[in-house]
Amino acid sequence: VSLDEELIQAFLEESTENLDQLDLDLVALESDADNPELLSRIFRTIHTIKGTCGFLNFGDLEGLAHAGEDLLAELRDGTVTLDAAVTSSLLGLVDRIRAVLAVVERTGTEGDFDHSSVIADLRQSRQRRATPAVVPPAPTPLAPPEGLIAAAEETSVRIDVAVLDHLQDLVSELTLARLRVGAHVPDDGGLAQAFRQLTATTRDLQDTVMQARLQPVSTATDRLRRIVRDLAAREGKVVHLHIEGGDVLVDKAINEVLRDPLVHLVRNAVDHGIEFPEQRTALGKSAEATVRIEAAVIGGGFQIEVTDDGRGINGARLVDKAIAAGQLSADRATTLTETERVSLLFLPGVSTASEVTTISGRGVGMDVVRSNLEQIGGSIDVWSEPGMGTTFRISVPLTLAILPALVVRCGQDRYTIPQADVQAIVRVHPSNARDLIEEVGGVRLLHHHQSLLPLVNLADYLGITATAAGEDLEIVVVERLDRTYGLVVDAVGDSVEAVVKPLPRALRGLACYAGVTVLSDGQPCLILETSAPAIEAGLSPQSGPTTEPLPPSDPNQRPFLVATVADNRLAIPLDHVHRLLTVASSTIEHSGHDEVVQYQGGILGLIRLDRLLDIGAAQDSADLTVVVCSATGAAVGLVVDEVNDIEWANPAQAEHLEEPCLSGRMVIAGRAADLVALDAVVAHGLHRHPGPTGGGHA
Amino acid sequence: MPETLLATFHVAGMTWGLPVDAVREVLGDQVLQPVPRAGHGVIGMLNLRGRVLAVTDVRLLVGLPVTADEAAAFYVVEGRRGIDVLRVDHAGEVVAVQDGCAIPVPQATPAAIAQHLSGAFEVEGHLLLVVDLNRLLDAKD
């Protein structure tokens, strides 16, 4: 490699990185035009490129950079104001430099470009004189801390991911070898001391290698700013891009995988999802549309959501297309839920091809996006509400990350639960079980902080035999995807820093595991996918374990307590249920026109749902079943015939009813149930305004 | 005449063989970690130098009853779709066979086994069945 080639290579690497930064800076500058630091950095980058070109004898590129530098100098001095046209001419400059660099990389020469139109654009921008009213920003000393910058650049090098992979494997082997040696090291003495040193160094090495692979998600998301800006400008739409969680660290491989799907989703959102400003205004929406990107590590996986507030996806049209493409039978079409209809867009030949434009139509359908993600064990789901917008959620397993996790024992085996999903650990002594645990329709419920949580027995769920060590019931309260439930285990163990490894091929597709890790004794240990037990328990509490893949979880599903009153099924939002009581009719007192009972040192108003809703007579019995709920900050007791079940359902799918105390009718577990509107029930059902909730808590 | 090297092993009294290239290593007795709800012949997993691999019992793949034979061996194999571990009754030798001397799979072989075979050889008076690894492993999916 000659010196020249080396210089060119260094120039290319440095410039490519700088240009990516320029894209970001220019778009940022548009909304922060007075930021002298941004301007200085942009100026410096172009200035450096110009200088290096002179050195390498790339005369045309030098001239181009010079024209850009002239414009930037005037911007800096405040004689030109930045507007969309000026930004566009500068972005045009960046694109052109990038194109030239690509040629340099291939041929070693700057190629045969005609830069005159780009330069003309830049010159034209210099005519956009600042109005005298604008106070020129104080001249900022350019004084680039050159030494500092050079030093910062030299501290990072590019490493092939394959090398990192290999390094990772070597460290794992070293760790296991250390464990084997450790079994033969005496407890003290010189050898023991040396072994402790080895242990500490191995751990350091492991952490360092791990760090080397991590990268902020912003590496994949930041470039979307430029794409959204360009696309919106070309389409005449006003779009605000909001990115959250860009600082989340993930494996570089994940960023690579996300890159194309994200571009595709954002393009689709701006191009198809978002309406023109005048349409939006006419619909009563703000003229400026929003595309939100939210990244987070949840459980054993990484999730990124792309949400727009545009027109939503036309499910009926997708159904027509899927039928036309031979992907769906007309019979089956009639049975699809709205989420399933919208999800048809992942089928081959269904992606809305008729709406493809020159910009977003890159020939890649959503089916390709999905199959690419599935290849690495990921998934993509979609929810859409007509007129309100669309959310895509990409989930990928964290193939390589350190996950704080809780080790639990169940039967003979250990499992880990991501610490982020663990809300609490509850130990229930048999003497307290009656107070803390209730049983409804075969589901056990735990009283926990004013709410009732369904309990899932891990041994039953996994289909293994539990060997409870003590008498106490060990419960891990898990919160995942807005669902909280208690997982009953045999014993709760230590917290560990689990190195997440992908599931072996033969185990992929098992919804119950998110990954696998190796514990410090060298044994592999499965990481539980905590959303799966909740979905399974919620959808069919009494069914045995299945190995069927789970349906895509609908984040809008909520748990409901299903009760019967005079043969009507009523659904009460479980979030508002405090307790189930059995009240002897003889203990009912009267306060004005209301029936009340003593409850937790206070008075609880009772509402007879059969009378309030006028739905026939409830069963007559000596003991009343009372569901204690909170509404508008007060506790009331709803009298029902029987409490049947806990079920999950999406209340947004309820059909409206002409009955003030019912917010709608929906299908729960295959049968119709009426959704109780608690606030209205309290307002209509009690004559006197209910008092505040009693002092005691469940 | 070209030769092929086969790594052999024993299952239910039969001798089976895999091309040696497909076998990465053979492990002795192993402690497996169970994987509840796995199915498809998977009987557990093990940690091989930092890599967690699923272990499949060959007997389950071909519909034979499982035994608790302590002489069991574990073949780390690499098929089209990655690395798997197969539990077999016990390990065998590496045998060289002449490519031209293949004989048809005997009619009497049960269909559940025959469908995973690519051919057979007669070696010193014994029958050696050659397994098509990809077909055997794909049977799980």
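With which residue does R341(A) form a salt bridge, and how far apart are the closest N and O atoms? In this predicted model, the partner of R341(A) is E338(A), and the closest N and O atoms of the pair are 3.1 Å apart.

**Figure 1. Close-up of the salt bridge between R341(A) and E338(A).** Both residues belong to helix α15 of chain A, which spans residues 338-343, and they are separated by 3 residues, or about one turn of the helix. R341(A) counts as partly exposed, with a relative accessibility of 24%, and E338(A) is likewise classed as partly exposed, with a value of 30%.

**Figure 2. Close-up of the salt bridge between E78(B) and R24(B).** The closest N and O atoms of this pair are 3.0 Å apart. E78(B) lies in strand β6 (residues 73-79) and R24(B) in strand β3 (residues 23-27), both of chain B, so the pair ties together parts that are 54 residues apart in sequence. E78(B) is partly exposed, at a relative accessible area of 37%, and R24(B) is partly exposed at 48%.

**Figure 3. Close-up of the salt bridge between D132(B) and R135(B).** Here the closest N and O atoms are 3.3 Å apart. D132(B) has a relative accessibility of 21% and therefore counts as partly exposed, while R135(B), with a relative accessible area of 40%, is also partly exposed.

**Figure 4. Close-up of a salt-bridge network in chain A.** Through shared partners, salt bridges join D20(A), D23(A), D95(A), R98(A), R226(A), R229(A) and D230(A) into one network. Over all chains, the structure holds 27 salt bridges.

Key. Residues numbered from 1 in each chain as written. Chains lettered and ligands numbered in written order. Predicted model: local features only at pLDDT ≥ 70, side-chain atom pairs only at ≥ 80, totals over all residues. Heavy atoms only, no water. Salt bridge = Lys/Arg side-chain N within 4 Å of Asp/Glu carboxyl O. Helix = DSSP H or I, 4+ residues; strand = E, 2+ residues; numbered from the N terminus. Buried < 20%, exposed > 50% of the residue type's maximum accessible area, 1.4 Å probe, protein only.
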